[in-house]
Structures are given as structure tokens and as C-alpha cells.
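Student: Could you take a close look at one part of this model with me, the aromatic pairing, and show me what surrounds it?

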Amino acid sequence: MTPSPTPVTPPVRSGSGVGAFLVKATGVVLILVLAVLLVLWGVQRYVAERLTPDPVTVASASLEGLREQNRLSAFAARFVAVTTSTQSQYGLSTKKTLIMPGMVRYEVDLGKLTPRDVAWDPKTSTLSVRLPPVEVEGPQIDLTQIREYGSGGLLTTFTDAEARLDEANRRAGQIELVRQAKAPPMIRIARDATRRAVERSFAMPLNAAGLSARVQVRFADEPVASDERWDVSRSLEDVLGNRR
């Protein structure tokens with residue numbers, strides 16, 4: 001018998017296997033790339049959160065620094081009181097004039113500041129600070145510059161009229177110095193000087209940290225215009241409380 005020919009098997013084309021391998025390899029590469037990008041995004045976000053200065057933290061540190069100063073005196077002024085007193089006794093009279101200069105300081109009790117008095121508005125990058133009222137300290141009398149002028153006479157020679165005149169003039173002089181110091185224009189000047197000092201105290205650390213922020217300072221007893229927006233942001237106390 002004649003043997004039947006052995007069937008010839010056609011060679012297998014390797015194109016389909018290579019294509020499947022490339023598809024799988026591409027999918028693995030894409031997954032790896034996405035994983036790497038996700039990790040990089042997470043690292044970048046972590047670094048940004050840890051290294052980017054936090055305005056609330058910077059403002060809190062500035063607040064504590066101010067409170068440690070206890071009292072801030074950003075302005076002082078010198079005034080002169082001129083008073084005249086008259087004494088009458090036994091049908092006689094005498095008078096005496098006193099010229100008394102004195103120095104008055106305008107202070108703010110920073111120990112009364114609390115985190116509730118400082119608010120941060122992230123939308124406008126504005127730090128709002130509410131200060132206690134300005135207090136008038138003094139007057140400190142310059143005894144070397146006091147000048148007295150009087151008519152003298154028998155009443156001052158034989159009675160204590162001169163001592164009473166001096167006491168009345170000095171008491172009235174101190175009252176007059178305080179009255180001058182508390183005049184609205186002087187309080188306004190003192191507020192402006194204190195406002196600038198406190199604004200610098202908060203703005204300098206913020207700017208040093210690379211934060212562009214505006215500091216707005218007002219006083220608790222300062223009139224607020226009806227169209228002025230104030231305390232619309234969250235105080236440091238609220239912000240820090242939520243972070244705990």
C-alpha cells in the first residue's frame with residue numbers, strides 16, 4: 001500500500017500574540033503612570049499643606065506677642081494748663097496764676113486682646129483686629145517748668161491763703177491737662193498712631209511668611225459707619241477651635 005501523505009500544518013502567525021501582549025503591556029504602563037501621578041499629587045498636596053504658611057497660625061503668634069507687651073503706648077503729647085485761683089478773707093483778697101506743663105501718654109491694654117478680637121477673611125485676605133479703647137495715662141507734671149504768679153498781699157502773709165491757692169491751682173491744672181488730652185482731635189491722633197503700630201505688628205510677620213494680606217484695625221469704642229462691613233469673617237478662636 002502506498003502510504004498517505006502526511007498533512008502539512010500551516011505555520012502559526014505570531015502577529016495576533018504580539019498584539020495582545022502589547023495591549024496588555026500598554027495597560028500596565030498606563031496603570032503605573034496613573035499610580036505615579038496619584039502619588040506625586042498626594043505628595044505635592046501634603047508638602048503644600050505642611051510648608052505653605054498658614055495666615056491663621058501666623059496671626060495667632062503675632063497676637064500672643066502683642067499680649068506679652070501688656071500695654072502699648074504709641075503716642076504721647078505735652079500740654080500746658082493755665083489756671084488762676086482767688087482767695088478772699090477778712091475783706092481782703094488775693095489771687096495766684098499757675099502755668100503747669102504735663103506729659104500725657106495714650107495707651108492700649110493689649111492684655112485684654114483675645115482670639116475673638118482677631119478675624120481672618122480668606123476671600124479678601126484681610127485680617128481684622130479689634131482693639132480695646134485708648135486710655136489716657138497721666139498727666140506727668142514737669143515740676144521744673146511750673147511757673148507761678150501772684151499778687152501777694154497781707155492775706156498771704158498772715159493766713160494760709162497762699163497754700164490754698166497753690167492746692168486749688170494744681171488740682172485745677174491737672175483737670176485741665178486731662179481735659180485737653182481727652183479732646184476728640186487728640187484721641188483721633190492717638191488712635192491713628194496706635195492703629196499704625198498694631199497694623200505693622202501683624203502685617204510684618206505675614207509679609208515675611210510670603211503672605212499678601214491686608215490688616216484692618218479698629219477700636220471697640222470707635223464709631224462704625226452704617227455702610228461699613230465688620231466682623232463678617234471668622235475669628236481666630238473659631239478657626240483654631242475647629243482644627244482641634
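Tutor: There is 1 aromatic pair here by the rule that rings of Phe, Tyr and Trp (its six-membered ring) pair if their centres lie within 6.5 Å. The ring centres of phenylalanine 75 and tyrosine 106 are 5.4 Å apart with planes at 35°, so the pair is tilted (planes under 30 degrees apart count as stacked, over 60 as edge-to-face and the rest as tilted). Phenylalanine 75 sits in strand S1 (residues 71-89) and tyrosine 106 in strand S2 (residues 92-109), so the pair links distant parts of the chain, 31 residues apart; strands are DSSP runs of E, at least two residues, and helices are runs of H or I, at least four, numbered from the N terminus.

A word on the basis: this is a predicted model, where local features need pLDDT of at least 70 and side-chain atom pairs count only at pLDDT 80 or more, while totals for chains, interfaces and linings use all residues. Residues are numbered from 1 along each chain as its sequence is written, and side-chain values use heavy atoms, leaving out hydrogens and water.

Tyrosine 106 has 0% relative accessibility and counts as buried (under 20% relative accessible area, with a 1.4 Å probe and protein chains only). In the largest nonpolar core, which has 38 residues, Tyr106, Leu127, Val129 and Phe202 touch the most other members; such a core is a set of buried Ala, Val, Leu, Ile, Met, Phe, Trp, Tyr and Cys residues joined through side-chain atoms within 4.5 Å. Helix H5 (184-208) is among the elements that supply at least two residues each, and H5 gives the most, 8 residues.

Notes. Buried < 20%, exposed > 50% of the residue type's maximum accessible area, 1.4 Å probe, protein only.
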